[in-house]
Amino acid sequence: MSDAPGAPDFSLVAKDYAAGRPGYPEELFDWLAATVAPARALAWDAATGSGQAAWGLAHRFDRVIATDVSGEQLRHARPHPRIDYRVARSEASGLPDASVDLAVSAAAAHWFDLPRYYDELRRVVRPGGVAVAWTYHVAHVDPPLDAILWRFYKDVLGPYYPPNVRLVDERFAGIQLPGRELTAPALHSTVRWSARQVAQFAATWSTVPAYIAATHTNPIPDLEATVATAFGGPDVVRELHFPLYVRAARL
């Protein structure tokens, strides 16, 4: 993640983050690879967390450098022979100048010091290379979960979110990557989850530890019970779709 003011410490939820966050569709990585083709030597995944995006890139690029400020997050990342996990800030990657064909940040750019991150992109991405930032909104998903998660996000956790989250609420409209803007295809992340898996996902939200510290109450068990009722039972599995909001630019 980032050392920018307001950024949470995701080390606190690293283990749950690795298991509880949705992955990304193959169509996204196919589009990314096609957009930078034929140059696919090096991709940089900034604020990789536990490597969800890095893993998809590794099947399409010769090498992936995946950075994060949290060594604990990286400890839970899935290893891959083409992925080099490194502790580094997104605003100061340590990568050589003009060395990167593709730079991505997945569900993370709202935590960055954006002016400094944009400068880093200008430094490390080669001329003609591509920068991409995408996110999903934790509370925007298919019915019946959409109404439940929105209430949990807005009414329960809302007072504890830092201002950075407004970028996600705005579907990354405020992310202005350097270079010529590119249009991404419509994409979504698909999961098949039970109520317990939904609860595990919600437990990774950045403000849950702040809520627990302030109220001395864990809101996750009540959320799981509500979802189980809506799904029709604790063991019922539903297919859910999270729309992806993608910003991209060619430098």
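Colleague: Why does the radius of gyration of the chain agree with a compact globule?

Modeller: Because a compact globule of 251 residues would have a radius of gyration near 18 Å, and the chain has 18 Å. The radius is taken over C-alpha atoms, and the globule rule is 2.2 Å times the number of residues to the power 0.38. Along its principal axes, the C-alpha trace spans about 50 × 35 × 35 Å.

Colleague: What should I know about the model and the numbering?

Modeller: This is a predicted model, where local features need pLDDT of at least 70 and side-chain atom pairs count only at pLDDT 80 or more, while totals for chains, interfaces and linings use all residues. Residues are numbered from 1 along each chain as its sequence is written, and side-chain values use heavy atoms, with hydrogens and water left out.

Colleague: What does the pLDDT average over the chain?

Modeller: The average is 92, and 92% of the residues score at least 70; pLDDT is the predictor's confidence in each residue, from 0 to 100. Over residues 1–6 the pLDDT is below 50, and that stretch has 24 contacts in the model beyond near neighbours in sequence. A contact means heavy atoms within 4.5 Å. Residues 10–18 also stay under 50, with 28 contacts beyond four places in sequence.

Colleague: Okay, switching topic: how many helices and strands are there?

Modeller: The chain has ten helices and nine strands. They are DSSP runs numbered from the N terminus: helices are H or I with at least four residues, strands are E with at least two.

Colleague: And how much of the chain is buried?

Modeller: Of the 251 residues, 54% count as buried. Buried means under 20% relative accessible area, exposed over 50%, and partly exposed in between, using a 1.4 Å probe and protein chains only.

Colleague: Which residues of helix H2 are buried?

Modeller: In H2 (residues 26–36), they are Leu-28, Phe-29, Trp-31, Leu-32, Ala-33, Thr-35 and Val-36.

Colleague: What do those pack against?

Modeller: The buried residues of H2 pack against helix H3 (52–58) and several strands: S4 (100–106), S5 (125–135), S6 (180–182) and S9 (245–250).

Colleague: Where is Ala-39 found?

Modeller: Ala-39 is in the loop between H2 and strand S1 (42–46). Ala-39 counts as partly exposed because its relative accessibility is 22%.

Colleague: What does Ala-39 touch?

Modeller: Leaving out residues up to four places away in sequence, Ala-39 touches Phe-61, Asp-101 and Arg-126. The C-alpha atoms of Ala-39 and Leu-102 are separated by 8.9 Å, though these residues are 63 apart along the chain.
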